[in-house]
Amino acid sequence: MDSVERRETPDEGIKTIRFGIRLLIMVIFLGYIMIWVMMPTNTFWQHWLPDIQDKVNSTYFGQQGTNFLIYTFPILFVAVLGCIYLHLGEKEVGRSNGRIVLLTHYWRSFPFLNSTAKNSRLAQWRRPAFVKGPLGIVSWTGLFFLSTFIALLLWSFSAYIHSMFANITRQSATQMGEKVWEAKLESAGLMLGLLGNICLAFLFFPVTRSSSVMRVIGLTSESGVKYHIWLGHITMTLFTAHGFSYIIFWASTNQISEQKACLVSARILPCEAVELNFSKSPGLSYNPTSNMFINVPGISKLQWHPFTITSNNNTDQDRLSVVIKSTGSWSRLFYQQLSQPIPPDHLEVSVEGPYGPASTHFFRHDTLVLISGGSGITPFCSIIRELLFSASIRSCSTKQVLFIAAFKKSVDLAMLDVLVSDANYNITQFPLRIEAYVTREKELTSDDQKLFQTIWFKPSATDAPVSAILGSNSWLWLGAIISSSFLTFLLLIGIVTRYYIYPIDHNTNMRFSYAEKSVLNMLFGCVSVALAATTAFIWNKKQNAKEMIQIQNVDVPTPKGSPGPGSWLCNGERELESFPHESLFQNTKVHYGERPNFKKLLQECEGSSIGILVSGPKKMRQEVAAICSSSEADNLHFESISFSW
């Protein structure tokens, strides 16, 4: 009897130790769950967390020591205890005369794992609760864990919302420049993100290979894949809702377009057109006929419209200008917003660009003919300014420049004012001739003699000069991005192919199909491009910050009118004393009540190479294109400039 008791003493000691470990694991795990349950409450944030931070804060870990203690240490400690627990279990199995069987007391410790205990209450939990449906075959145990986890999410969301919404009042929202529903939407979006973090905390537990935590509760990585999939779907749903909530919030509070351009002034023309002047970084360069996309959140947060840049990169180094003609619904609203009796003192505008040709190809022609209709004059503003700049620094290779402009009404003649900037150009020696046609009126009426108006805007702290995204040498940067992203792609795909795909299929395509490899190629391609482009963007953003012009909030008086009425052509004559650019309009002739005879005008041009640039209505472009395509016009070289096809 004594010898039997001596043989059973080690087994009883192992059982006691394993029971103590199992009890400790249960207490720690319940405490870990309790932390997640209490996290949405004020008790956690106002009492528990400050006390823990005071006790854990040290010179070695700092504030992150609290996160280690709360989120990392409990699970790692449970994993270590689980390893000891499982090791002692294997030791007990080895004592059973070398047979790989579990002892009776081990099965009694986990009766729900005993397949022979059919009459046990816990064994009933392993029976299927659902056989068909979106969740597949689900046992009552799995359904219980899923319901409990969803209950934790619902509790956390409701607790977060109750705590956050209690601090949102009409007064607090107004102080933040928001409405009450916008403030609540932002809080709800934040709470959805916090719920997603809860899912991430438990997402990879079910599929961790050789996990002692999963083995302690009787699950393997294979059986836990189902729970991992459930958590994955819940995580994606929460983070998608989190993203949509913030997109709606940013759109309603005008925060979608943050990188806002500094709009210095706006000049309102009598022909219901507006010239916008932006502050520009000196490092930004562009060629004539370039265009830029503009977004005005006050009119539409989603609409981006392209406009031709009228300023010149060489003569306007710190300014970038575009002209917007009131022709559509968006441009009409924009014009009305600026032309009201009391115009706004600040206007939020976002820009993208400039985009344009790589070279000034029009210099190769002996004679240049520019033909515009209506607002189609804007692309030629930058061309004429480039020609004027070239003539001022060297002898211009263009022998003659003919500008043919067709307008519907005489008030539209004001668009000729945007041909040159405020710089004092001396074009008396420049071979420029302007033929302006007013097709629907026979003379200039007194009602059309309106004042020009210039509006100066107050800059905002978030405004920045228009600058180059890829730097001044944008083409070199673009080439660097393309080459580096491709090299990164080759490196990634080469490593995966050599050390993962090839050892499995040996180039036989038996294990990895063409479709699977294509998915990897697309994935690595996106990663490579995003990595290279982001690196270049961040680098150039730092470089652009050095060139940014310091903007100060200075009250600038708004000129009421400049110049006065009658500042454009009147019956072919001009009041030169009221025009700031009189040297330009000395070479201008206005024709009322007639349309331009393009064939006659083009035949009068001389030169072995005549460049024809047309910007205007489709019918005008087609008419000029037909003339240039005839067999008699060997020296005419046609080019169309238009945003509509």
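Q: Where does Glu 275 sit?
A: Glu 275 is in strand 4. Strands here are DSSP E runs of at least two residues, helices are H or I runs of at least four, and both are numbered from the N terminus.

Q: What kind of model is this, and how are residues numbered?
A: It is a predicted model, where local features need pLDDT of at least 70, side-chain atom pairs count only at pLDDT 80 or more, and totals for chains, interfaces and linings use all residues. Residues are numbered from 1 along each chain as its sequence is written, and side-chain values use heavy atoms, with hydrogens and water left out.

Q: Back to Glu 275. Buried or exposed?
A: Glu 275 counts as buried because its relative accessibility is 4%. Buried means under 20% relative accessible area, exposed means over 50%, and partly exposed is in between, with a 1.4 Å probe and protein chains only.

Q: What does Glu 275 touch?
A: Leaving out residues up to four places away in sequence, Glu 275 touches Ser 265, Ala 266, Arg 267, Thr 310, Ser 321, Val 322, Val 323, Arg 385 and Val 418. Contact means heavy atoms within 4.5 Å.

Q: Which residue of strand 7 stands opposite Glu 275?
A: Val 323 does. Strand 4, residues 273-279, pairs with strand 7 in the antiparallel sense over seven bridges. Two strands count as paired if DSSP finds at least two bridges between them.

Q: What's the strand order in that sheet?
A: The order is 7-4-3-12, in an open sheet of four strands with antiparallel pairing. Strand 7 and strand 12 (453-456) are the edges, each pairing on one side only. From one strand to the next, the twist averages 20°.

Q: Which helix packs on the sheet?
A: Helix 10 packs there, touching strand 3 (263-269), strand 4, strand 7 and strand 12. The direction of helix 10 makes about 75° with that of strand 4. Axes are lines fitted to C-alpha atoms, for helices over the stretch in contact, and angles run from 0 to 180 degrees between N-to-C directions.

Q: Is strand 3 mostly covered or exposed, and how many of its residues are buried?
A: Strand 3 is mostly covered, with six of its seven residues buried.

Q: How many bridges join strand 3 to strand 4?
A: Six, and the two strands run antiparallel. Leu 263 stands opposite Phe 278 in strand 4. On strand 12, strand 3 makes four bridges, also in the antiparallel sense. There, Arg 267 has Thr 454 as its bridge partner.

Q: What about the turn of the strand 3 and strand 4 hairpin?
A: Three residues lie between the strands, and Glu 272 takes a positive phi near 60°. Glu 272 is not a glycine. Most residues other than glycine have a negative phi. Glu 272 counts as partly exposed because its relative accessibility is 38%.

Q: Which loop holds Thr 289?
A: Thr 289 is in the loop between strand 4 and strand 5 (291-295). Thr 289 has a positive phi of about 70° although it is not a glycine. At 18% relative accessibility, Thr 289 counts as buried.

Q: New topic: what lines the second largest pocket?
A: The lining has 48 residues, and Thr 327, Gly 373, Gly 374, Ser 375 and Gly 376 lie nearest the centre. Elements giving two or more residues include strand 7, helix 10 and helix 11 (378-393). Helix 16 gives the largest share, five residues. On a 1 Å grid over the protein atoms alone, a pocket is an open set of points where a 1.4 Å probe fits, with protein on both sides within 12 Å along at least five of seven lines, and lining residues have an atom within 4 Å of a point.

Q: How much space lies in the second largest pocket?
A: About 1,200 Å³. Grid points are joined across faces, edges and corners, and the volume is the space filled by probe spheres set on the points.

Q: Last one: Phe 389 in helix 11. What is Phe 389 in contact with?
A: Beyond its neighbours within four places in sequence, Phe 389 is in contact with Asn 314 and Thr 315. Phe 389 and Thr 315 are 74 residues apart in sequence and 7.0 Å apart in space, C-alpha to C-alpha. Phe 389 is partly exposed, at 22% relative accessible area.
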